[in-house]
Amino acid sequence: MRAPELSGDVWLNTGDRQVKLAELRGKVVLLDFWTSGCINCLHVLDELRPLEAEFAEVLVTVGVHSPKFLHEGEASAIEAAVRRHGVHHPVLNDPDLATWQQYAVKAWPTLVLVDPEGYVVHVAAGEGHAGALRRVIAEQVAVHEAKGTLRRGGSPYVLPIEDQPATLRFPSKAVRTVEGRILVADTGNHSIAEFASDGETVIRRFGSGERGWADGAFDVARFAEPSGLALLPAEVAERAGYHLLVADTASHLLRGLDLRTGEVSTVAGTGQQWRDGGTDGPAREVDLTSPWDVAWWEPMGGFVVAMAGNHTLGLFDPVRGTISRFAGTTVEGLRDGKVDEAFFAQTSGLAVQGDRLWLADAETSALRWIDADQAVYTAIGTDLFSFGHRDGDAADALLQHPLGVAVLTDGTIAIADTYNGAIRRYDPESGKVTTIADGLAEPSGLLVTEEALFVVESAAHRLRSLPGSSEASRQVTGDAHAVRRPPSVLSPGTVELSVVFTPAPGEKLDDRYGPSTRLEISAAPPELLVEGTGTGTELSRTIKLAGGHPEGVLQIVAQAASCDIDAEHPVCRVTRQDWGVPIRVSDDGQARLQLVLAGV
């Protein structure tokens with residue numbers, strides 16, 4: 001089909017100039033539909049960087065920022081996100097999802113490839129498509145070079161004005177040492193900053209400041225967007241040989257930091273992002289995926305790792321050097337129960353209160369906890385699509401994409417309610433939620449001391465103290481909001497569900513070790529799906545929807561394995577996408593739902 005024109009309200013990285021598809025004729029255009037709070041979207045940004053460099057003369061990437069949350073649609077928020085994540089291509093903000101709907105997009109992230117004559121030639125949802133995209137782009141370049149319709153050189157990208165250097169740049173989390181010093185994950189500067197107890201005076205810094213992966217001395221080691229920090233108990237540190245555990249998020253690693261010598265070492269992960277396969281074993285041999293936070297939890301005798309990239313929690317033993325999956329199934333959603341059956345959604349903050357582990361689940365805007373009985377419970381939050389700023393009874397309270405959590409001195413729970421720019425408080429005894437502070441710039445982490453509550457105010461690039469704030473709070477009665485993505489209208493009863501996957505040119509499905517595809521379906525509420533739940537190997541299935549539930553969410557996970565054709569040493573890859581499809585059940589709805597994993 002002819003690619004629809006792009007529409008939105010703000011263009012970034014173009015010198016404030018609007019870009020039209022017509023002026024890009026002769027170029028291969030890659031549209032990346034993303035939103036800044038989506039971890040899978042951030043993975044795709046990294047996947048695209050080598051392609052953008054390889055095809056720089058013929059490829060134009062345009063990020064179409066289609067926000068899930070209200071805050072993400074604000075011009076200042078998307079501008080900060082583009083700087084935070086080092087996006088070096090034009091970005092269109094699409095706050096009303098107009099372009100999203102024109103292209104019939106149903107998931108974040110989705111990639112759409114437009115040929116030099118302006119026609120859509122390939123669509124892919126999810127991550128892990130870099131190899132396939134390389135083949136499709138190369139094919140388009142060859143075809144249109146032969147036709148004389150390919151244009152080389154020139155780009156609408158305009159380098160933005162550089163940020164003024166600052167002590168911190170988009171910091172994430174903070175911890176305090178036994179000596180009273182404060183360590184901050186300086187995410188945008190790819191390093192760990194150590195402050196005096198005042199939180200203002202920098203004593204030293206670990207990491208060269210250059211993004212990457214390198215072990216060694218404090219001034220040569222490299223991190224890539226480090227986030228979570230946790231100190232090892234003294235006796236454990238003595239045996240492990242380091243004092244601080246760092247969730248090195250964009251490197252997909254856990255790093256150990258010796259605070260005496262400044263030596264940095266890799267203690268878990270391979271540097272490759274987990275796609276499929278084993279999650280248990282020797283820590284240096286297991287792939288991780290965007291570890292976002294870490295917390296020592298005594299009942300488990302190790303560190304719980306918020307594995308944001310696949311919506312699970314890991315368990316890392318620093319003495320034995322092993323890691324395993326502790327909780328979650330990789331399905332994104334909100335479901336309580338036994339840890340190995342629960343659903344999580346981009347867990348981004350952890351805090352320990354005795355035998356209880358608190359966690360902030362960003363994509364469900366939820367505060368949850370796990371007890372020593374290894375069961376998961378939800379205090380605040382309902383699903384993937386409901387959010388807001390509302391205090392009161394926890395059952396009615398609303399958050400917006402929280403990234404941090406901490407236990408206050410009075411036993412109540414503080415929440416870094418990131419996209420509301422607020423610090424919230426949950427009282428487990430009364431079940432009430434209040435607001436401690438608001439007007440903050442994307443608070444992402446919290447540090448509680450006897451004197452103050454420190455807030456890692458990420459978009460303000462600072463560590464901020466809120467003296468006495470653990471006692472003062474007020475109640476906010478805000479509006480409830482829902483993700484504005486239009487639902488799929490389906491009929492009650494039998495519905496034919498299918499997922500399209502077409503291997504890229506030069507590839508075939510990889511069935512050497514069994515079925516090459518996998519489809520998992522569940523629903524929220526579970527009663528919505530009468531038949532068709534569970535896991536199978538076919539990418540199509542007949543499901544049956546209950547007539548008594550007017551709306552809900554179908555949670556669909558599709559996966560496909562493919563390999564190069566006729567190569568002596570074929571490169572193989574796994575493509576995966578997790579859809580949370582909002583649906584409305586109506587007698588005039590469709591009896592068919594088709595999703596595209598890869599194809600046209």
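Which residues of helix α2 (residues 75–84) are buried? The points below answer this and then turn to the pockets and cavities.

1. Basis. This is a predicted model in which local features need pLDDT of at least 70 and side-chain atom pairs count only at pLDDT 80 or more, while totals for chains, interfaces and linings use all residues. Residues are numbered from 1 along each chain as its sequence is written, and side-chain values use heavy atoms, with hydrogens and water left out.

2. Helix α2. Its buried residues (under 20% relative accessible area, with exposed over 50% and partly exposed in between; 1.4 Å probe, protein chains only) are Ala 77, Ile 78, Ala 80, Ala 81, Val 82 and Arg 84. Helices (H or I, at least four residues) and strands (E, at least two) are DSSP runs numbered from the N terminus. The buried residues of α2 pack, by contact (heavy atoms within 4.5 Å), against β1 (10–12), β2 (28–34), β3 (59–65) and β4 (91–93).

3. Helix α4. The 18 residues of α4 (residues 130–147) should span 26 Å at 1.5 Å a residue, and the end C-alpha atoms are 26 Å apart, which agrees; the expected span is 1.5 Å times one less than the number of residues. Among the buried residues of α4 are Leu 133, Val 136, Ile 137, Gln 140 and His 144. Gly 148 follows α4 with a positive phi, near 80°.

4. Largest pocket. On a 1 Å grid over the protein atoms alone, a pocket is an open set of points with protein on both sides within 12 Å along at least five of seven lines, a cavity is a set where a 1.4 Å probe fits but cannot get out, and lining residues have an atom within 4 Å of a point. Grid points are joined across faces, edges and corners, and a volume is the space filled by probe spheres set on the points. The largest pocket holds about 1100 Å³. It has 37 lining residues, with Val 175, Arg 176, Leu 229, Ala 230 and Leu 231 closest to its centre. The lining comprises 23 nonpolar, five polar and nine charged residues, where Ala, Val, Leu, Ile, Met, Phe, Trp, Tyr, Cys and Pro count as nonpolar, Asp, Glu, Lys and Arg as charged, and the others, Gly among them, as polar.

5. Second largest pocket. The volume here is about 690 Å³. Of its 30 lining residues, Tyr 103, Ala 104, Val 105, Lys 106 and Gln 594 lie nearest the centre. Strand β44 (592–599) gives the largest share, six residues.

6. Largest cavity. The whole structure has five cavities of 30 Å³ or more, and the largest contains about 480 Å³. Among its 35 lining residues, Ser 36, Leu 42, Arg 84, His 85 and Trp 292 are closest to the centre. Helix α1 supplies the largest share, six residues. The lining divides into twelve nonpolar, 16 polar and seven charged residues.

7. Second largest cavity and Gln 577. This cavity has a volume of about 370 Å³. Its 30 lining residues have Asn 40, His 311, Glu 332, Gln 577 and Asp 578 closest to the centre, and β43 contributes the largest share, seven residues. Gln 577 lies in β43 and is buried, with a relative accessible area of 3%. The Gln 577 side chain reaches the backbone nitrogen of Gly 126 at 3.3 Å.

Technical notes. Polar contact = N/O pair within 3.5 Å; in protein donor to acceptor, adjacent residues only side chain to side chain.
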